[in-house]
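Q: Could you pick one part of this model and take me through it closely, strand by strand? I'd like the cut-offs spelled out as you go, and a look at what lies around that part.

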Amino acid sequence: MKVVVIARSAEFANFAFEVGAVYFLTVDATASRLEKCFDKLIHLCPLATQTERLFKAASENEQPIAAHIVVKDVGKVRLIDINDIVWINGAGNYVELHFNGNSAPVLHRETMKNIEQQLEPEGFIRIHRSTLVRKHAIKELMPTDSGDYKVKLKNNISLNLSRRYKNCLESIISPVA
């Protein structure tokens, strides 16, 4: 939950800080301060950021530019192109981003829920409690005796599709848009 504190005077700024508010405004705030507040809120919500990017690209009559994920690493910040990601594995409050080829997975501090919301518009689907996969990367589905499925990717990686996420089978089988 994101909180913005709006007060009659600046004396409530300490209170805003104590409750962890995203932003503090006074009722007589300027238009530029209001705009900064909304920009900050939009960029804190992955789904809103994706929607804003698509809206701006459509309004400028351009193709949307490839989105990226910012990954903080020791001594550097990496920009990972979303189009390079094939599948994602959850690891607590982290996710492992897996790519085609022999490149090592990249650890990123993000929850599965947030990364799923961010990447769903990019063609990723959840097939397991701890696994997201790009729909275009799926080669075949193989049923198992337990009622689950094995999902084989085009790079020959096998992942589990659990019964709980069986409803995504329709999404996998339907033609890719």
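A: Happy to. The protein exposes about 11700 Å², and carbon and sulfur atoms supply 53% of that area; accessible areas come from the Shrake-Rupley method with a 1.4 Å probe, and for residues only the protein chains shown count as cover. This is a predicted model, in which local features need pLDDT of at least 70 and side-chain atom pairs count only at pLDDT 80 or more, while totals for chains, interfaces and linings use all residues. Residues are numbered from 1 along each chain as its sequence is written, and side-chain values use heavy atoms, with hydrogens and water left out.

A word on confidence before zooming in. The average pLDDT (the predictor's confidence in each residue, from 0 to 100) is 80, and 81% of the residues score at least 70. Confidence is highest in E9, at a mean of 94, and lowest in helix H3 (residues 46-59), at 61. Where pLDDT is low, the predicted coordinates should not be read in detail.

Five helices and 12 strands make up the secondary structure; helices (H or I, at least four residues) and strands (E, at least two) are DSSP runs, numbered from the N terminus. The part I'd pick is an open sheet of five strands in the order E7-E6-E5-E9-E8, with antiparallel pairing. Two strands pair if DSSP finds at least two bridges between them. At the edges sit strand E7 (106-109) and E8, each pairing on one side only. Neighbouring strands here are turned by 25° against each other on average, direction ignored; axes are lines fitted to C-alpha atoms, for helices over the stretch in contact, and angles run from 0 to 180 degrees between N-to-C directions.

Now for the pairs inside the sheet. E5 and E6 are joined in the antiparallel sense over six bridges, and Trp87 has His98 in E6 as its bridge partner. Further along, E8 pairs with strand E9 (residues 131-134), again antiparallel, over four bridges. A hairpin of two residues joins E8 to E9, and across that pair Ile125 has Val133 in E9 as its bridge partner. Although E8 is an edge strand, four of its five residues (124-128) are buried, that is, under 20% relative accessible area, with exposed meaning over 50% and partly exposed in between (1.4 Å probe, protein chains only).

What packs against the sheet? Helix H4 lies across E5, E6, E7, E8 and E9, running at about 160° to E5. The largest nonpolar core has 16 residues, and those with the most contacts inside it are Ile85, Ile88, Leu97 and Ile115. Such a core is a set of buried Ala, Val, Leu, Ile, Met, Phe, Trp, Tyr and Cys residues joined through side-chain atoms within 4.5 Å. Strand E3 (68-73), strand E5 (85-91), strand E6 (94-99) and helix H4 (112-119) are the elements that give two or more residues to this core. Leaving out residues up to four places away in sequence, Leu97 is in contact (heavy atoms within 4.5 Å) with Val71, Ile80, Ile85, Trp87, Ile88, Pro105, Val106 and His108. A second, separate core of 14 residues includes Trp87, Val133, Leu153 and Ile172.

Ser162 lies between E12 and helix H5 (169-173), and touches Ile127, His128 and Asp148, not counting residues up to four places away in sequence. At 13% relative accessibility, Ser162 counts as buried.

Strand E11 (residues 149-153) pairs with E12 over four bridges, with Tyr149 opposite Leu161. Pro143, in strand E10, is exposed at a relative accessible area of 61%; beyond its neighbours within four places in sequence, Pro143 is in contact with Asp148 and Tyr149.

Among contacts between residues at least 6 apart in sequence, 31% join residues at least 24 apart.
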